Amino acid sequence: MPERDDEEREFDIKWADGAEHKEPSARARMLAARWKENPPGPVPFRGEPEHTASRRSSGRSSGRSSSWASTAVVLGCVAAVIVFLGYIDFRPY
């Protein structure tokens, strides 16, 4: 029985994909109705970037120092773990 269900589903998908007219999505219909009354203005291909505040800015002068600081902290932690693991394996008798 599952094989027959798969065949029917495949037939339904092929039938739906082969339809000449496909109904637009609800969002497309909503935008078409809205734009009939109030069409959107022209939009440049690449608009000017909007200058927004950085999410990281918390009174710092630049975001670069925080990225370098975080990188240094991560590398320092990795180095500390390596040294610690080396110290554990070094057991003088």
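Begin with the secondary structure: the protein has three helices and zero strands, arranged along the sequence as α-α-α. Helices (H or I, at least four residues) and strands (E, at least two) are DSSP runs numbered from the N terminus. The model is predicted, so local features need pLDDT of at least 70 and side-chain atom pairs pLDDT 80 or more, whereas totals for chains, interfaces and linings use all residues. Residues are numbered from 1 along each chain as its sequence is written, and side-chain values use heavy atoms, without hydrogens and water.

Next, colour the chain by pLDDT, the predictor's confidence in each residue from 0 to 100. The average is 78, and 69% of the residues score at least 70. Select helix α1 (residues 2–17), where confidence is lowest at a mean of 69, and then helix α2 (residues 26–37), where it is highest at 93.

Now select Glu 23 and Arg 29. These residues form a salt bridge, with the closest N and O atoms 3.0 Å apart; the term denotes a side-chain nitrogen of Lys or Arg within 4 Å of a carboxyl oxygen of Asp or Glu. The count by this rule is one. Glu 23 is exposed at 62% relative accessibility, while Arg 29 is partly exposed at 39% (buried is under 20%, exposed over 50%, partly exposed in between; 1.4 Å probe, protein chains only).

Move to helix α3 (residues 64–89), which contains Phe 84. Select Val 81, Phe 84, Leu 85 and Ile 88 to display a nonpolar surface patch with about 370 Å² of accessible area together. Patch members have over 30% relative accessible area and no salt bridge, with nonpolar side chains (Val, Leu, Ile, Met, Phe, Trp, Tyr) joined within 5 Å and like charges within 9 Å. Accessible areas come from the Shrake-Rupley method with a 1.4 Å probe; for residues, only the protein chains shown count as cover.

Finally, display the whole surface. The protein exposes about 9800 Å², of which carbon and sulfur atoms supply 59%. Buried residues make up 2% of the 93 residues.
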